[in-house]
Amino acid sequence: MDGGAEGMASRRFTVAGRRARARQEETLVLARVADGDAGALTELYERYCGPLSAFLYRLAGDRGTAEEILQDTLLAVWRSAGTYQRRSAVSTWLFGVARRQAHNRLRGVPPPLAAEPPDGADPLPGPEELAVGGARVQAALARLPLAQREVVVLSFLNDLSHQEISEVLGIPVGTVKSRLHHARATLRGCIDERMA
């Protein structure tokens, strides 16, 4: 093995070690939440506010509803932290809680199409909209069925693996792949329509 290969292997080992320590630390933070430590809930919020907000915004279609669902999610985490069984990463568990809260809130409500902001609404996009493409991305995502939208958002905007998405959604990895395939075809059609 030459020096380059040894260095690369050493870096991979270091990265894997950091990830393992981060997962262990997050598990301890969630255990503190289960013990009633409000400061630990604040720590989780600070770590995951951005990714969860972006995920919920893409599911709900507007910032206000996403913020309400995020609050519902935090309350659910506070109440159910003791049920975490370490079968998945804390982040995966949190996305699952957020997804359930979104489904509870959005059941039967189609996402609004990105259009003119309501009177008095802030016309400028928030940080989550800027981070993931704003109105054009939201309009394309709104055309996807919720099951496909979830998979796309978790995969491309939250960078979860197929296995992690499977755990969040409670579906087989093959179903994740199938939904991604169909979502890509629909999104490709949206892009082709705009180009025509």
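Predicted model: local features only at pLDDT ≥ 70, side-chain atom pairs only at ≥ 80, totals over all residues.
Start with the core. Select Leu-30, Val-33, Leu-44, Phe-55, Leu-56, Val-77 and Leu-154: among the 44 residues of the largest nonpolar core, these touch the most other members. Then colour the helices that give two or more residues to this core, including helix 1 (3-34), helix 3 (63-80) and helix 4 (90-106). Helix 2 supplies the largest share, eleven residues.

Stay on helix 2 (residues 38-60) and pick Ser-53. Ser-53 is buried, at 14% relative accessible area. Setting aside neighbours within four places in sequence, its contacts are Tyr-48, Ala-66 and Leu-70.

Next, centre on Phe-55. With residues up to four places away left out, Phe-55 touches Phe-95, Ala-98, Arg-99, Glu-150, Val-153, Leu-154 and Asn-158. Two of these deserve a click: Glu-150 and Arg-99 form a salt bridge, 2.9 Å from N to O. Glu-150 sits in helix 7 and Arg-99 in helix 4, so the pair ties together parts 51 residues apart in sequence. Glu-150 is buried at 1% relative accessible area, and Arg-99 is buried at 17%.

Now show the salt bridges of the whole structure; there are eight. Where does Arg-47 find its partners? One is Glu-26, at 3.8 Å from N to O. Glu-26 belongs to helix 1 and Arg-47 to helix 2, so this bridge joins parts 21 residues apart in sequence. Another is Glu-43, with the closest N and O atoms 4.0 Å apart; Glu-43 and Arg-47 are about one helical turn apart in helix 2.

Finish by selecting Glu-25, Glu-26, Arg-32, Asp-37, Glu-43 and Arg-47 together, which a network of salt bridges links.

Key
Residues numbered from 1 in each chain as written. Heavy atoms only, no water. Helix = DSSP H or I, 4+ residues; strand = E, 2+ residues; numbered from the N terminus. Buried < 20%, exposed > 50% of the residue type's maximum accessible area, 1.4 Å probe, protein only. Contact = heavy atoms within 4.5 Å. Core = buried A, V, L, I, M, F, W, Y, C linked by side-chain atoms within 4.5 Å. Salt bridge = Lys/Arg side-chain N within 4 Å of Asp/Glu carboxyl O.
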